[in-house]
Amino acid sequence: MIECKNCGIKIKDKTKVCPMCDMVLSGDDKHNENTYPDVRQKTKILRRIVNIFSYFAIVLEIVFIVINYYNFEGVKWSAISGGAIVYVICMLHFIINDHYGHIKKMYVGFIGALFYIMLVDFVLGYKGWSLGVGMPVIVLTLDAIIIVCMIINRQNWESYLLLQIFCVILGAVQMVLYFTKVLQSPVLPWTSFLVSLILFTSSVVIGDRKARNELKRKFYI
């Protein structure tokens, strides 16, 4: 008799898959125990390390706030350190979470980075560099990472099409900001927009049916 380790039911026949939860059964013999590494135990250890780090990081930020308050010289630098600590803590918790794939983690990471550089720009007295320089650089960096990921994950390269569309949208936002005179220099906004657009359109053209099917599946067309 085999007992399913996932749902706990006992199975009398010699099936290799649990009829209740579809988990692969390992059998009763002790030789099958610990065949695979205990991933959950490693995740628990990582969570504990991240929680300890988060605690000391928050304590450190409180110290920074107190120092900044009593030694204020016109710059609220504790807001910059606080934003960095919040970003790092959130990213660490997000990275060790197994429920999210690496593409969603890329979304969160780059959106968080964009908001952080905007925070730094505002704290230092808004000069516009976070949108004129920071945002295009983030988009170009994400484009480069997408290309690398598509090369490494060649079998499922089409899964990065939505991320490419995300870059095109960010590039279009930069163009709107430029034409509305919010941004002064056209070089980086145009560069990031065109690179993102060329990357997406070339993926669709070269990918042909596979790319079109992926877009139809994602947008329920």
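Predicted model: local features only at pLDDT ≥ 70, side-chain atom pairs only at ≥ 80, totals over all residues.
Salt bridges were searched for across the whole structure, and 4 were found. One of them joins the side chains of Arg-212 and Asp-208, with an N to O distance of 2.8 Å.

In the bridge between Glu-214 and Arg-217, the closest N and O atoms are 3.0 Å apart. In the bridge between Glu-214 and Lys-218, the corresponding separation is 4.0 Å. Glu-214 and Arg-217 are 3 residues apart in helix α7, which covers residues 209–218, so about one helical turn separates them. Glu-214 and Lys-218 are 4 residues apart in helix α7, which again places about one helical turn between them. Glu-214 has a relative accessible area of 8% and is buried, because buried means under 20%. Arg-217 reaches 52% and counts as exposed, because the limit for exposed is over 50%. Lys-218, at 34%, is partly exposed.

The helix contact examined here involves α2 (residues 77–95) and α3 (residues 102–123). The axes of helix α2 and helix α3 come within 10 Å and cross at roughly 175°. An angle over 145 degrees counts as roughly antiparallel, and α2 and α3 are therefore roughly antiparallel to each other. On the side of α2, the contact is made by Ala-79, Ile-80, Gly-83, Ala-84, Tyr-87, Met-91, Phe-94 and Ile-95. On the side of α3, the contributing residues include Val-108, Gly-109, Gly-112, Ala-113, Tyr-116 and Leu-119. By residue type, the contact of α2 with α3 divides into 13 nonpolar, 3 polar and 2 charged residues. The residues from α3 include Lys-104 and Lys-105, and lysine is counted as charged.

Aromatic rings were also examined. A pair of aromatic rings is described by two quantities, the distance of the centres and the angle of the planes. The structure holds 8 aromatic pairs. In one of them, the ring centres of Phe-64 and Trp-77 are 5.7 Å apart and the planes stand at 65°; the pair is edge-to-face because the angle is over 60 degrees. Phe-64 lies in helix α1 (residues 39–70) and Trp-77 in helix α2, so this pair ties together parts that are 13 residues apart in sequence. Phe-64 is partly exposed, with a relative accessible area of 24%, and Trp-77 is also partly exposed, with 33%.

Trp-190 and Phe-193 form another edge-to-face pair, with 6.5 Å from centre to centre and 70° between the planes. Trp-190 and Phe-193 both lie in helix α6 (residues 187–207), 3 residues apart, which is about one turn of the helix. Trp-190 has a relative accessible area of 34% and is partly exposed, whereas Phe-193, at 17%, counts as buried. These two residues belong to a cluster in which ring pairs link Tyr-178, Phe-179, Trp-190 and Phe-193.

Notes. Residues numbered from 1 in each chain as written. Heavy atoms only, no water. Helix = DSSP H or I, 4+ residues; strand = E, 2+ residues; numbered from the N terminus. Buried < 20%, exposed > 50% of the residue type's maximum accessible area, 1.4 Å probe, protein only. Axes fitted to C-alpha atoms, helices over the stretch in contact; angles between N-to-C directions. Parallel < 35°, antiparallel > 145°, perpendicular 65-115°, else oblique. Contact = heavy atoms within 4.5 Å. Phe/Tyr/Trp six-rings, centres within 6.5 Å; stacked < 30°, edge-to-face > 60°.
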